Amino acid sequence: MKVELAGSYGMCFGVRDAVRMALESPHRKDLTVLGELVHNPAVLRRLSDAGIRTVASLSAPVETKHVMITAHGAADSVVSGLQQRGLQVHQATCPLVTHAHRSLARLVAEGYFPVVIGKAEHVEVRGLVGDLDEYAVIQTPEEIPLLAGRPRLGVVSQTTQPIDHVLGMVDAMRAALPEAEVRFRDTVCQPTKDRQTAARRLAASCDVVIVVGGRGSNNTRQLVRTCEAESARAYQVEGAAELREEMLHGAARVGLTAGTSTPDDVIEQVHQALLRLAEQRMAVAA
């Protein structure tokens, strides 16, 4: 059994910067992160071990003077509300999420009805639309008829959506609503694109792909779906302890990739565990 790493995988710069900002903050003993800084349990444990508190949401009560907005961002009105509560707000928002906010704001300023392709309940999407009076969030082609009657549609995407899905949705909008002007701004982040492309190539040459990442990570789940679309068996694990021999049954080539919030050491632990399993299989075969 051969173990192959994806050409692009793991933690992106936005996540690294957010984690570093929290861990290196001079206020970390008096700091509360509003929601999950990133969707990865290993990272969240490190924050807790450093004395950083976490609450479930942006609106939850806090007991510290300093609060941090997660890498997923927040609406301006939310930030203002926190400041009005007398809290010192620190922004760990990924620059590419900020780019998505600005892109959508420009479309609204130009007179387009705002449309976000993504998961309506996701914290990033709630931040994107939180300052808007009217908007639509859609995820599937079946939802496109909800946009009927809008002459000008300004479309952006949640940054961790697969670009192929986003482009397909935009094409479907234009086909279903030929009377509407559809202006699209690509806000899928480059790390997501890179990891999706690499996962697709990896899955095309492997029997099984192990995808490492938190259960709450949208981009990790999307990597699993991408690998499955290439007819590879794909399994998501949060760490090496979740690996099972039966996952690798009948596999001559096993691929390894990881979501953009997965720490390097967690990926390496899974990699080494896979190599040990490969060695054990070779020893039995001999």
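Is Ser-231 buried or exposed? Ser-231 counts as exposed, because its relative accessibility is 70%, where exposed means over 50% relative accessible area, buried under 20% and partly exposed in between, with a 1.4 Å probe and protein chains only.

## Basis of the model

This is a predicted model, in which local features need pLDDT of at least 70 and side-chain atom pairs count only at pLDDT 80 or more, while totals for chains, interfaces and linings use all residues. Residues are numbered from 1 along each chain as its sequence is written, and side-chain values use heavy atoms, with hydrogens and water left out.

## Ser-231 and its loop

Ser-231 lies in the loop between helix H8 and strand E11 (233-237). Helices (H or I, at least four residues) and strands (E, at least two) are DSSP runs, numbered from the N terminus. The phi angle of Ser-231 is near 70°, a positive value in a residue other than glycine.

## The cavity

Rolling a probe the size of a water molecule over the atoms shows where empty space is left. The search uses a 1 Å grid over the protein atoms alone: a cavity is a set of points where a 1.4 Å probe fits but cannot get out, and a pocket is an open set with protein on both sides within 12 Å along at least five of seven lines. Lining residues have an atom within 4 Å of a point. Grid points are joined across faces, edges and corners, and a volume is the space filled by probe spheres set on the points.

One cavity of 30 Å³ or more is found in the whole structure. The largest cavity has a volume of about 280 Å³. Its lining has 24 residues, and Val-15, His-72, Thr-160, Asn-219 and Thr-260 lie nearest the centre. Helices H1 (13-23), H4, H7 (190-205) and H8 (218-229) each supply at least two residues of this lining, and H1 gives the largest share, three residues. By class, the lining of the largest cavity has 10 nonpolar, 13 polar and one charged residues. Here Ala, Val, Leu, Ile, Met, Phe, Trp, Tyr, Cys and Pro count as nonpolar, Asp, Glu, Lys and Arg as charged, and the others, Gly among them, as polar.

The volume of the largest pocket is about 320 Å³. Of the 16 residues that line this pocket, Ala-74, Asp-76, His-101, Arg-102 and Asp-131 lie nearest its centre. Helices H3 (76-84), H4 (95-109) and H5 (123-129) each give at least two residues to the lining. H4 gives the most, with six residues. The lining of the largest pocket has eight nonpolar, five polar and three charged residues.

The second largest pocket holds about 230 Å³ of space. It is lined by 15 residues, with His-39, Glu-121, His-122, Val-123 and Arg-126 nearest its centre. Its lining divides into four nonpolar, six polar and five charged residues.

Gln-158 is found in the loop between strand E8 (152-157) and helix H6 (163-176). Gln-158 is buried, because its relative accessible area is 0%. Leaving aside neighbours within four places in sequence, Gln-158 is in contact with residues including Val-116, Lys-119, His-122, Val-188 and Asn-218, where contact means heavy atoms within 4.5 Å.

Thr-257 is in strand E12 (residues 253-258). With a relative accessibility of 0%, Thr-257 counts as buried. Residues up to four places away in sequence aside, Thr-257 touches several others, among them Ala-6, Tyr-9, Leu-202, Val-211 and Leu-223. Val-224, in helix H8, is buried as well, with a relative accessible area of 11%. Not counting residues up to four places away in sequence, Val-224 touches Val-211, Ala-234 and Gln-236. Val-224 and Ala-199 are 25 residues apart in sequence and 8.6 Å apart in space, C-alpha to C-alpha.

## A partly exposed residue

Glu-268 is found in helix H9 (residues 264-285). Glu-268 counts as partly exposed, because its relative accessibility is 38%. Glu-268 and Ala-175 are 93 residues apart in sequence and 45 Å apart in space, C-alpha to C-alpha.

## Charges over rings

Arg-150 lies over the face of Phe-113, at 3.9 Å from the ring centre. Arg-152 lies over the face of Tyr-112, at 4.0 Å from the ring centre. A charge sits over a ring if NZ of Lys or CZ of Arg is within 6 Å of the ring centre and within 35 degrees of the ring normal.
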